Amino acid sequence: MNIKVDINNLDDQTVVSVAGEIDAYTAPKLREAILPLAEEVNPNITINLKDVSYMDSTGLGVFVGLLKSVRKNNGQLNLVELSDRLERLFTITGLNDIIDISSKSEGGVQ
């Protein structure tokens, strides 16, 4: 399975829509697409995971790395529209306590 990453800049926010599966095979492509966004000054990144059907620990690692980079640059990271399965994955690992996660879309992000 491939992964599709669409990046849109809206005012002071970067919205990333991800579709497909995030695993050991596709995680490097995702990392390559989103890590540069965190290198901006005060990045405000929202990642929509509505169309992600599967994610393993490699995908979690991508988001932890992104969070570290965003925080280093005084920014914000939000994950939105997670499926119940993905939300459980973040909860089980405790990452829901350090990453802003919402099952609903916010701020007009669709």
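Which pattern does the protein chain follow when it is read along the sequence? The answer is β-β-α-β-α-β-α-β, built from three helices and five strands. Keep in mind as you explore that this is a predicted model. The radius of gyration of the protein chain is 13 Å, close to the 13 Å that the globule rule gives for 110 residues, so the chain is as compact as a globular protein of that length.

**Overall build**

- Taken along the principal axes, the C-alpha atoms of the protein chain fill a box of roughly 30 × 25 × 25 Å.
- Of the contacts in the chain with a separation of 6 or more, 65% are between residues 24 or more positions apart.
- Buried residues account for 43% of the 110 residues.

**The nonpolar core**

- In soluble globular proteins, nonpolar side chains tend to be buried together.
- Here, the largest nonpolar core has 28 residues, and those with the most contacts inside it are Ile22, Ile47, Leu49, Phe63, Leu79 and Phe90.
- Several elements each give at least two residues to this core: strand 2 (13-22), helix 1 (27-38), strand 3 (44-55), helix 2, strand 4 and helix 3 (84-93).
- Helix 2 provides the largest share of the core, with six residues.
- Have a look at Phe63 in the structure: leaving aside its neighbours within four places in sequence, Phe63 is in contact with Ile22, Leu30, Ile34, Ile47, Leu49, Met55, Leu77, Leu79, Phe90 and Ile99.

- Asn73 sits in the loop between helix 2 (57-72) and strand 4 (76-80).
- Is Asn73 buried or exposed? Its relative accessible area is 18%, which is under 20%, so Asn73 counts as buried.
- Beyond its neighbours within four places in sequence, Asn73 is in contact with Ala38, Glu39, Glu40, Val41, Asn42 and Pro43.
- Leu82 lies in the loop between strand 4 and helix 3.
- Leu82 is buried as well, because its relative accessible area is 4% and the cut-off for buried is under 20%.
- Although Leu82 and Lys50 are 32 residues apart along the chain, their C-alpha atoms are separated by 5.6 Å.

Key
Residues numbered from 1 in each chain as written. Predicted model: local features only at pLDDT ≥ 70, side-chain atom pairs only at ≥ 80, totals over all residues. Heavy atoms only, no water. Helix = DSSP H or I, 4+ residues; strand = E, 2+ residues; numbered from the N terminus. Buried < 20%, exposed > 50% of the residue type's maximum accessible area, 1.4 Å probe, protein only. Contact = heavy atoms within 4.5 Å. Rg over C-alpha atoms; globule rule 2.2 N^0.38 Å. Core = buried A, V, L, I, M, F, W, Y, C linked by side-chain atoms within 4.5 Å.
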